[in-house]
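Let's take a walk through this protein together. Have the sequence and the model at hand, and follow along one region at a time.

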Amino acid sequence: MAKAEQGVEQQSLPLLDHLARVGRRAAETSMSPGGLRPRHLIALKLLSEHGAASQQGLAEALSLDPSNVVGLLNELEERGLITRRRDPADRRRHIVELSAGGQDELCLAQARLSRVEDDLLGALSLDERATLYRLLARAVDAVGGKAAACTEDDRPGWRGSANAQ
């Protein structure tokens with residue numbers, strides 16, 4: 001733990017918690033009433049970045065119980081944001097794909113969230129933001145999570161993909 005000049009401990013967790021709460025509130029406000037929730041965005045982003053996936057693979061990638069994934073996918077399908085079809089090679093499996101409407105909605109949501117992040121981190125330079133991202137991504141990876149990839153080069157293979165076995 002770092003010590004400040006006057007002997008007061010500098011702890012990052014309260015600051016991270018505060019920024020997370022402010023950011024979450026602003027993000028929820030930026031989405032129109034009845035808009036996408038974080039779990040919707042994560043599922044759409046996974047499908048956008050990695051392509052079609054089996055329903056089971058998506059459940060694993062989202063770390064959700066398969067029955068909860070069914071409810072999530074039902075909501076997305078009702079809104080026309082995804083399509084589900086039977087896997088012709090295994091009729092018991094469902095393949096989930098992002099629809100054109102889902103891609104459009106994801107782009108709009110990401111633009112809104114970028115504005116929220118710009119407001120939240122406006123006091124930091126672009127270099128400082130990049131450094132913050134790298135540090136946070138490293139911390140997330142260290143605790144067993146996966147940091148969201150920003151570029152094609154950063155994207156690892158996705159074991160939940162419909163083609164992965």
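The report below goes from the overall fold to the sheet, the core and a few individual residues.

## About the model

This is a predicted model, in which local features need pLDDT of at least 70 and side-chain atom pairs count only at pLDDT 80 or more, while totals for chains, interfaces and linings use all residues. Residues are numbered from 1 along each chain as its sequence is written, and side-chain values use heavy atoms, with hydrogens and water left out.

## Overall fold

The protein has six helices and five strands; helices (H or I, at least four residues) and strands (E, at least two) are DSSP runs, numbered from the N terminus. Read from the N terminus, the order of elements is β-β-α-α-β-α-α-β-β-α-α.

Of the 165 residues, 25% count as buried, where buried means under 20% relative accessible area, exposed means over 50%, and partly exposed lies in between (1.4 Å probe, protein chains only). The protein exposes about 11200 Å², and carbon and sulfur atoms supply 53% of that area. Accessible areas come from the Shrake-Rupley method with a 1.4 Å probe, and for residues only the protein chains shown count as cover. Among contacts with a separation of 6 or more, 54% are between residues 24 or more positions apart; a contact means heavy atoms within 4.5 Å.

Three strands make up an open, antiparallel sheet in the order 3-5-4. Strand 3 and strand 4 are its edges, each pairing on one side only. Two strands count as paired if DSSP finds at least two bridges between them. In general, strands of a sheet pair through backbone hydrogen bonds, either parallel or antiparallel.

Strand 4 (residues 82–87) and strand 5 are antiparallel and joined by six bridges, and they form a hairpin with two residues between them. To trace this pairing, look for Asp87, whose bridge partner in strand 5 is Asp90. Arg85 is bridged to Ile95 of strand 5, and Ile82 stands opposite Leu98 in that strand.

## The nonpolar core

Which residues have the most contacts inside the largest nonpolar core? They are Leu36, Leu44, Leu58, Leu73, Leu76 and Ile82, in a core of 20 residues. The elements giving two or more residues to this core are helix 2 (38–50), helix 3 (55–62), helix 4 (66–78) and helix 5 (100–120). Helix 2 gives the most, with five residues. Such a core is a set of buried Ala, Val, Leu, Ile, Met, Phe, Trp, Tyr and Cys residues joined through side-chain atoms within 4.5 Å.

Leaving aside neighbours within four places in sequence, Leu73 is in contact with Gln55, Leu58, Ile82, Arg84 and Val96.

## Helix 3 and the residue after it

Gln55, Gly57, Leu58, Ala59 and Leu62 of helix 3 are buried. Their cover includes helix 2, strand 3, helix 4, strand 4 and strand 5.

Ser63 follows helix 3 and is found in the loop between helix 3 and helix 4. Its phi is near 55°, a positive value in a residue other than glycine. Most residues other than glycine have a negative phi. Is Ser63 buried or exposed? Ser63 is exposed, because its relative accessible area is 66%.

Gly35 is found in the loop between helix 1 and helix 2. Gly35 counts as buried because its relative accessibility is 17%. Gly35 and Ala109 are 74 residues apart in sequence, and their C-alpha atoms are 8.9 Å apart in space.

On the surface, Leu13, Leu16 and Leu136 form a nonpolar patch with about 280 Å² of accessible area together. Patches are made of residues with over 30% relative accessible area and no salt bridge, with like charges joined within 9 Å and nonpolar side chains (Val, Leu, Ile, Met, Phe, Trp, Tyr) within 5 Å. A salt bridge is a side-chain nitrogen of Lys or Arg within 4 Å of a carboxyl oxygen of Asp or Glu. Leu16 is found in helix 1 (residues 12–30), and Leu16 counts as partly exposed because its relative accessibility is 37%.
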